Amino acid sequence: SVVGALGAAEPAATVLRPALVFDGEVAHAGWVVVVRGEKIEAAGPGADIAVPANARVVELAGATLLPD
């Protein structure tokens with residue numbers, strides 16, 4: 001694992017694969033969202049987003065992710 005300046009391990013990444021990602025204006029099909037800890041690290045078309053090594057992938061077929 002990666003150790004930060006304070007000695008804490010970097011949280012593992014989670015990749016969310018919903019049917020749609022709504023960005024507040026447009027619903028995007030085929031997008032993925034990479035989350036690390038409580039922060040979104042990346043979002044975009046699945047073909048353009050690198051899945052981090054050892055990431056947990058969560059398939060969310062039929063689901064739409066919405067901004068909070």
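Me: What does Glu-41 count as, at 43% relative accessibility?
Reply: Residues are numbered from 1 along each chain as its sequence is written, and side-chain values use heavy atoms, with hydrogens and water left out. Buried means under 20% relative accessible area, exposed means over 50%, and partly exposed lies in between, with a 1.4 Å probe and protein chains only. The value for Glu-41 is 43%, so this residue counts as partly exposed.

Me: With which residue does Glu-41 form a salt bridge?
Reply: A salt bridge is a side-chain nitrogen of Lys or Arg within 4 Å of a carboxyl oxygen of Asp or Glu, and by this rule the count comes to two. In the one that involves Glu-41, the closest N and O atoms are 2.7 Å apart, and the partner is Arg-36.

Me: How many residues apart are Glu-59 and Arg-17, which lie in distant parts of the chain?
Reply: The side chains of Glu-59 and Arg-17 meet in a salt bridge at 3.8 Å, N to O. Glu-59 is in strand β5 and Arg-17 in strand β1 (residues 13-22), where strands (E, at least two residues) and helices (H or I, at least four) are DSSP runs, numbered from the N terminus. At 56% relative accessibility Glu-59 counts as exposed, whereas Arg-17, at 29%, counts as partly exposed.

Me: How many bridges join β1 to β5?
Reply: Two strands pair if DSSP finds at least two bridges between them. Here β1 and β5 run parallel, and Arg-17 stands opposite Glu-59 in this pairing, which are also the residues whose side chains meet in a salt bridge. The number of bridges that join β1 to β5 is seven.

Me: Which residue in β3 does Leu-16 stand opposite?
Reply: Strand β3 (residues 31-36) runs antiparallel to β1, and four bridges join them. Within β3, the residue opposite Leu-16 is Val-33.

Me: Which residue takes a positive phi in the hairpin of β1 and β2?
Reply: Strands β1 and β2 run antiparallel and are joined by three bridges, and the bridge partner of Leu-20 in β2 is Ala-29. Their hairpin has four residues between the strands, and the positive phi, near 105°, is taken by Gly-24.

Me: How far apart in space are Ala-47 and Val-32, C-alpha to C-alpha?
Reply: Ala-47 sits in the loop between β4 (39-45) and β5 (56-65), and at 80% relative accessibility Ala-47 counts as exposed. In sequence Ala-47 is 15 residues from Val-32, while the C-alpha to C-alpha distance in space is 9.0 Å.

Me: How many strands does the protein chain have?
Reply: From the N terminus on, the elements of the protein chain run β-β-β-β-β. With zero helices, the secondary structure is made up of strands, which number five.

Me: What is the mean pLDDT of the protein chain?
Reply: Where pLDDT is low, the predicted coordinates should not be read in detail. In this chain 88% of the residues reach 70 or more, and the mean pLDDT is 90.

How values were computed. pLDDT is the predictor's confidence in each residue, from 0 to 100.
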